[in-house]
Amino acid sequence: MFRYRWIIILMLFLANAINYTDRSAMSVALPLLSKQYHLTPSQAGMILSSFFIGYAIFNFVGGYMSDKKGPRLIMGTAMTAWSLFCGLTAATFNFISLFIVRLFFGFGEGPLTSTTNKAMNNWIPLKERARAVGIANAGAPLGGAVSGPIVALISLHWGWKCSFIVLAIVGLIWVIFWFKVSRDKPEMHPKVTKAELKEIIGEESLNLVNNQKAVAKPAVKTSLFTILKQPKVAALAVGMFGYNYTLFFFLTWFPSYLMDARHLSVGKMGIVSVLPWIAGGIGQIVGSIIIDYIYKVTGKAVFSRKIVLVTCLIASAICVALTGLASTVITAVTLMTFGICFLYLQATTYWAIIQDVVPSDKVGGTSGFVHAIANISGIIGPTVTGFIVQYSGHYTAAFILAGGLAIIGALGVAFFVKSNMAENLDSRKVV
């Protein structure tokens, strides 16, 4: 039987693919921009970091607004904004103009993940949620995979500026379809049948009751501030910080590493950089299936997420750290491919845990807060890497640092995310 919720998942998958294609485009084009604008490695790092300043701020703003205004409006507005600033990248002419455009580009992309999580919470029943989040977010590594060849090909034939204009147009086309096919909740959509609506809403309510996840009396609401004070939220943010630092290190600097340290051409770099992203896309989908299977067998939602998160994040950290010590291009790319695969195997766990333990009307705000804290890594990471490369002359320490932070993040989740935070909320604190 056709279920309309998979149309929503498809649109969110495409949104994530466009997001990472647009975001990765700068990393692929950066060697060309650095040459044209005479950027030092530290300046290049600041350009990469500028995106995350706006991005981190609007992680929370976007998530909070998706709770208030609904994911349909927020997602459509965000895609419109970041597509426009993606296109405006072609109008930059020096370090300062590029920094400013990337900053506002980050503002636009900021709401994506927390708003995706809010939409998943509205549209997907609990038993399918990890898998659905995994499929939707698998668009990210796919976008990263196609970005290298697309941007490299367009840059070589028509110049790097043309690639950003093309990507902007693709994003605006998505917006038109999104407003046509989506609604904030399934009960608002005329194409959702009563049978499917019962699957989504009825099953979720039943599972919440069976797992004793009622968070307050019907007339009482738990404040967002009360939820954000929970140690488990901080632990999730630390875990995601380690995950994001590693991911963003790969996203922002790996293409330059292949060209600078391994002396690959733009064309070869664009092809080779695809491999880790393909592995990541496969890992994200497989990881979400594993999580749902563990949950089905054990009946323990948080445990099924946590065991995958901790195991795979540590495995990824080891692979990434060893990449910095690799002696050949083949070894480095192989290690990084496994590292990104393990990284994406656990990528959906943070969002699934938040949906498991947070009241549905606070999922967007909590997701945005955790994501904002975690994305501070994107603000400091690329710049730190730029200074490491500029003053040490190599990338080894940068790889080891990324791996070390991922291990710290895994340990934070292992020790502090132990039970359902909703059971411990003080229902006397209201909005």
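**Close-up views of a predicted model**

The protein chain has a mean pLDDT of 85, and 92% of its residues reach 70 or more; pLDDT is the predictor's confidence in each residue, from 0 to 100. This is a predicted model, in which local features need pLDDT of at least 70 and side-chain atom pairs count only at pLDDT 80 or more, while totals for chains, interfaces and linings use all residues. Residues are numbered from 1 along each chain as its sequence is written, and side-chain values use heavy atoms, leaving out hydrogens and water.

**View 1. Confidence along the chain.** Let's start with helices, which are DSSP runs (H or I, at least four residues) numbered from the N terminus. Confidence is highest in helix 3 (residues 71–88), at a mean of 96, and lowest in helix 9 (residues 194–210), at 66. Over residues 206–219 the pLDDT is below 50, and this stretch has 18 contacts in the model beyond near neighbours in sequence; a contact means heavy atoms within 4.5 Å. Residues 421–431 also stay under 50 in pLDDT, with 34 contacts beyond four places in sequence.

View 2. Look for Ile318, Leu322, Leu325, Ile400, Ile407, Leu411, Phe415 and Phe416, which make a nonpolar surface patch of about 760 Å². Nonpolar side chains (Val, Leu, Ile, Met, Phe, Trp, Tyr) are joined within 5 Å, and like charges within 9 Å. Accessible areas come from the Shrake-Rupley method with a 1.4 Å probe, and for residues only the protein chains shown count as cover. Helix 19 (396–416) and helix 14 (301–323) each supply at least two patch residues, and the largest share, five residues, comes from helix 19. Leu322 sits in helix 14 and is partly exposed, with a relative accessible area of 40%.

**View 3. Helix 6, tucked inside.** Here, buried means under 20% relative accessible area, exposed over 50%, and partly exposed in between (1.4 Å probe, protein chains only). Helix 6 (residues 129–137) is largely enclosed by the rest of the structure because seven of its nine residues are buried. Among them are Arg129, Val133 and Asn137.

**View 4. Cysteines without partners.** A disulfide is a covalent bond between the sulfur atoms of two cysteines. With a cut-off of 2.5 Å between the sulfur atoms, the structure holds zero disulfides. For Cys86, the nearest cysteine sulfur, that of Cys162, is 12 Å away; Cys86 is buried, at 1% relative accessible area. The sulfur of Cys312 is 8.3 Å from the closest cysteine sulfur, in Cys341, which is too far for a bond. Cys312 is buried too, at 11%.

Terms used: Patches are made of residues with over 30% relative accessible area and no salt bridge: like charges are joined within 9 Å, nonpolar side chains (Val, Leu, Ile, Met, Phe, Trp, Tyr) within 5 Å. A salt bridge is a side-chain nitrogen of Lys or Arg within 4 Å of a carboxyl oxygen of Asp or Glu.
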